[in-house]
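Biologist: I would like to learn how to read a model like this one. Please take me through it feature by feature.

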Amino acid sequence: FLPAMATGEKRGGICLTESNAGTDLQNISTTATRDGTVYRINGSKMWITNARHGNTFLLLAKTDAKAQPAYRGMSAFIIEKGAPGMNVGRDIDKLGYKGVETCELHFENFPVPAENLVGGVEGSGFKQVMTGLEAERLNVAARGLGIARAAFEEAIRYAQRRITFGKPIAEYQTIQTKLADMATHIEASRLLIYSAAEKRDRGERCDLEAGMAKLFATETAAEVSLEAMRILGANGYSKDFPVERYYRDAPLVVIGGGTNELQRLIIARNLLRKYKDNG
């Protein structure tokens, strides 16, 4: 699967979220039932990127709906379009991220070859997915950094060209203060991301560092894109300039990959573990 994905022959997506299960993945209701040489998938998934034009997906389902705790009965599968029983639902009309489709997926006795069970053993899916979420959070953090940088670069370029009262607005102290804060937050985001990524490259756990990077970089994306819009004034609100797109795209990275409210809980839990008071 991976070589074909790397060449673009296969276009992928991740089927985790459901209408009643996003942050709380243990609450999913999609099931995978063994039927000879295949598993039968039943249920629905929500907010699936690449759902309409993609063809290969990682899907999380319950192979043992009675398991306690619930995560012990969850398994991950690699599924491909082609067999009957998978239907792409509506395209979700989003605020931003218009460049990629996000849809519902519905499954009715959809067959998946048994060898497509990731790891070959039932019950490991939740752990596999959560381990992968570290990488996803770094990815989302980097996307947030990209949005922030793009918005900042557009704003500082505009500030040097826009003339009011006989001089560029970049010469006004109020604009300079905004630019200084924007650039500082961007650089801090970059360093947090690099630090977490280096730790992951070494094979170490980095849920604390990834959570910090994701939280700070995506909040920076939201703040910097808004400040860029303010610097551009009415032009920032117009589709003649790209800043309004950055402003619409930023909220998704704040929400995606685990909400920033969840990141704060992950960070706090890891800090309490790291600085445990045994006195």
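Biologist: In which helix do Arg-149 and Glu-153 both lie, and how many residues apart are they?

Modeller: Both lie in helix H2, 4 residues apart, about one turn of the helix. Helices (H or I, at least four residues) and strands (E, at least two) are DSSP runs, numbered from the N terminus. First, some ground rules. This is a predicted model: local features need pLDDT of at least 70, side-chain atom pairs count only at pLDDT 80 or more, and totals for chains, interfaces and linings use all residues. Residues are numbered from 1 along each chain as its sequence is written, and side-chain values use heavy atoms, with hydrogens and water left out.

Biologist: What do Arg-149 and Glu-153 form?

Modeller: Side chains of opposite charge can pair when their charged atoms come close. A salt bridge here is a side-chain nitrogen of Lys or Arg within 4 Å of a carboxyl oxygen of Asp or Glu. Arg-149 and Glu-153 form one, with the closest N and O atoms 3.7 Å apart. Next, exposure. Buried means under 20% relative accessible area, exposed over 50%, partly exposed in between (1.4 Å probe, protein chains only). Arg-149 is partly exposed at 42%, and Glu-153 is partly exposed at 38%.

Biologist: Which parts does the pair Glu-134 and Arg-200 tie together?

Modeller: Their closest N and O atoms are 3.2 Å apart, in a salt bridge. Glu-134 lies in helix H2 and Arg-200 in helix H3, so the pair ties together parts 66 residues apart in sequence. Glu-134 is buried, with a relative accessible area of 11%. Arg-200 is partly exposed, at 30%.

Biologist: How many salt bridges does a search of the whole structure find?

Modeller: The search finds 18. One of them joins the side chains of Asp-35 and Arg-40, at 3.2 Å from N to O. Asp-35 is partly exposed at 40%, and Arg-40 is partly exposed at 28%. Salt bridges can also form a network, as Lys-178, Glu-227 and Arg-230 do.

Biologist: Which residues have the most contacts inside the largest nonpolar core?

Modeller: A nonpolar core is a set of buried Ala, Val, Leu, Ile, Met, Phe, Trp, Tyr and Cys residues joined through side-chain atoms within 4.5 Å. The largest has 31 residues, and those with the most contacts inside it are Ile-147, Met-182, Val-224 and Ile-231. Helices H2 (125–161), H3 (173–201), H4 (207–232) and H5 (243–255) each give two or more residues to this core. H2 gives the largest share, 10 residues. Apart from it lies another core, of 19 residues, among them Ile-41 and Phe-110.

Biologist: What is Met-182 in contact with, leaving aside neighbours within four places in sequence?

Modeller: Contact means heavy atoms within 4.5 Å. The partners of Met-182 are Phe-152, Ala-155, Val-224, Glu-227, Ala-228 and Ile-231.

Biologist: Where does Ala-4 lie, and is Ala-4 buried or exposed?

Modeller: Ala-4 lies in helix H1 (residues 2–7). Ala-4 is buried, with a relative accessible area of 13%. Not counting residues up to four places away in sequence, Ala-4 touches Glu-9 and Lys-10.

Biologist: What does UniProt list for residues 123–272?

Modeller: An unreviewed UniProt entry lists "domain: Acyl-CoA dehydrogenase/oxidase C-terminal" there. UniProt positions are given in the numbering used here, feature names are shortened, and annotations may be inferred rather than shown by experiment. In the model, this span is 79% helix and 3% strand, with its end C-alpha atoms 29 Å apart.
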